Amino acid sequence: NVGKSILAVQIAQAIASGRNIGGFFVSGKPQPVLYYDFELSDRQFYTRYKDFEFSPNLSFAIPKYLSDEVKTFAQFEKERLTEIQVAVKDGGFKVVIIDNLTWINGDSEKGNVSAKFMQEIQGFARKNNISVLVIAHTPKRNNIQPLNINDLFGSSMLANFVDSMCAIGESTNGHDIRYIKQIKVRIAQKIYHYGNVQGCKIGKNEAGFLSFIKLETENESLHLKMINQEKRDELKDKAKEMKAKGMSLRVIAEKLGVSHTTISKYLEGDG
């Protein structure tokens with residue numbers, strides 16, 4: 001419940017429309033996108049996006065669920081893979097989003113099973129020159145600790161079959177605040193690491209689209225419970241002293257290594 005599907009739909013719409021949404025995505029040529037949603041019911045999806053018109057380049061697939069003929073998750077997984085492959089070839093899609101691995105693969109917490117599934121996906125993607133985004137759950141975790149590769153089901157095996165991996169973390173700075181952290185990067189630069197995670201706020205934009213809205217980047221520790229009250233009080237005192245000297249919020253934020261949003265909360269007594 002951290003907003004994985006919200007961000008995934010946002011990515012899908014951004015690619016399909018070629019437009020920047022929420023400050024995350026660089027505008028480019030629109031691409032046809034196929035979104036497989038195993039998470040939301042029709043009613044849930046309508047409630048989230050009833051006021052928004054999606055790009056015609058974005059297609060949402062209604063997956064088939066376990067039938068009388070399908071007795072195991074292995075059979076279910078094989079049917080879904082075939083279903084996706086046929087849909088991609090027939091529709092000419094360049095991007096596929098699968099939401100999520102836990103639904104399509106009931107044994108996703110078992111590394112060897114998840115790895116086999118990801119091998120199939122990776123092989124199909126490379127053969128057809130398409131990009132695939134797979135969403136996955138995490139087990140219950142201690143949010144005192146920073147996010148890492150071991151927080152994902154079957155992580156040690158899965159990581160071998162993906163080019164990049166990122167995670168969404170809940171923040172202690174507000175019920176609607178999240179942060180995004182790069183966990184693995186194979187061919188690009190790791191920008192959003194522990195010392196520079198991307199802060200976000202979940203909300204609807206002016207077009208009525210529920211999305212992640214880009215905030216500041218800052219140290220992951222500032223989103224975790226590991227920052228005790230003594231440390232927060234220390235930062236608040238320093239922020240107040242610097243403000244009294246006439247420094248702007250952004251200058252204070254830069255010097256203390258936190259976002260100006262956090263500094264604003266500290267000065268208002270909300271942090």
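**Group meeting: a walk through the predicted model**

Okay, so this protein has nine helices and eight strands, where helices (H or I, at least four residues) and strands (E, at least two) are DSSP runs numbered from the N terminus. What you see is a predicted model, where local features need pLDDT of at least 70 and side-chain atom pairs count only at pLDDT 80 or more, while totals for chains, interfaces and linings use all residues. Residues are numbered from 1 along each chain as its sequence is written, and side-chain values use heavy atoms, with hydrogens and water left out.

Some overall figures, then. Of the 271 residues, 43% are buried, and buried means under 20% relative accessible area, against over 50% for exposed and partly exposed in between (1.4 Å probe, protein chains only). The protein exposes about 14800 Å², with carbon and sulfur atoms supplying 50% of that; these areas come from the Shrake-Rupley method with a 1.4 Å probe, and for residues only the protein chains shown count as cover.

Now the parallel sheet. Four strands make an open sheet, ordered β2-β1-β3-β4, with parallel pairing; two strands pair if DSSP finds at least two bridges between them. The edges are β2 (58–61) and β4 (131–135), and each has a single partner strand, so one side of each is left without a neighbour in the sheet. On average, neighbouring strands here are turned by 15° against each other, direction ignored. Angles run from 0 to 180 degrees between N-to-C directions, and axes are lines fitted to C-alpha atoms, for helices over the stretch in contact.

Take β3, residues 95–99: five bridges join it to β4, and the two run parallel. Which residue of β4 is the bridge partner of Ile-97? That would be Leu-133. Helix α1, residues 4–17, packs on this sheet and touches β1 (33–37), β2, β3 and β4, with its direction at about 160° to that of β1. Contact, by the way, means heavy atoms within 4.5 Å.

On to the other sheet. It is also open, with four strands in the order β5-β6-β7-β8, but here the pairing is antiparallel. At its edges stand β5 and β8, each with a single partner strand, so again one side of each lacks a neighbour in the sheet. The twist from one strand to the next averages 35°.

Walking across: β5 (residues 164–170) pairs with β6 (residues 177–185) over seven bridges, and a hairpin of six residues joins them. Ala-167 has Lys-181 in β6 as its bridge partner. Next, β6 and β7 pair over four bridges, with Arg-178 partnered by Cys-200 in β7. Then β7 (residues 197–204) and β8 (residues 210–218) pair over seven bridges. Their hairpin has five residues between the strands, and in it Gly-208 takes a positive phi near 80°.

Is Gln-122 buried or exposed? Gln-122 is buried, with a relative accessible area of 19%. Leaving aside neighbours within four places in sequence, Gln-122 is in contact with Phe-161 and Arg-186.

Last stop, a helix pair. Helix α8 (residues 249–256) and helix α9 (residues 260–268) pack at about 105°, axes 8 Å apart. They are therefore roughly perpendicular to each other; the cut-offs are under 35 degrees for roughly parallel, over 145 for roughly antiparallel, 65 to 115 for roughly perpendicular, and oblique for the rest. Where they meet, α8 brings residues including Leu-249 and Ile-252, and α9 brings residues including His-260 and Leu-267.
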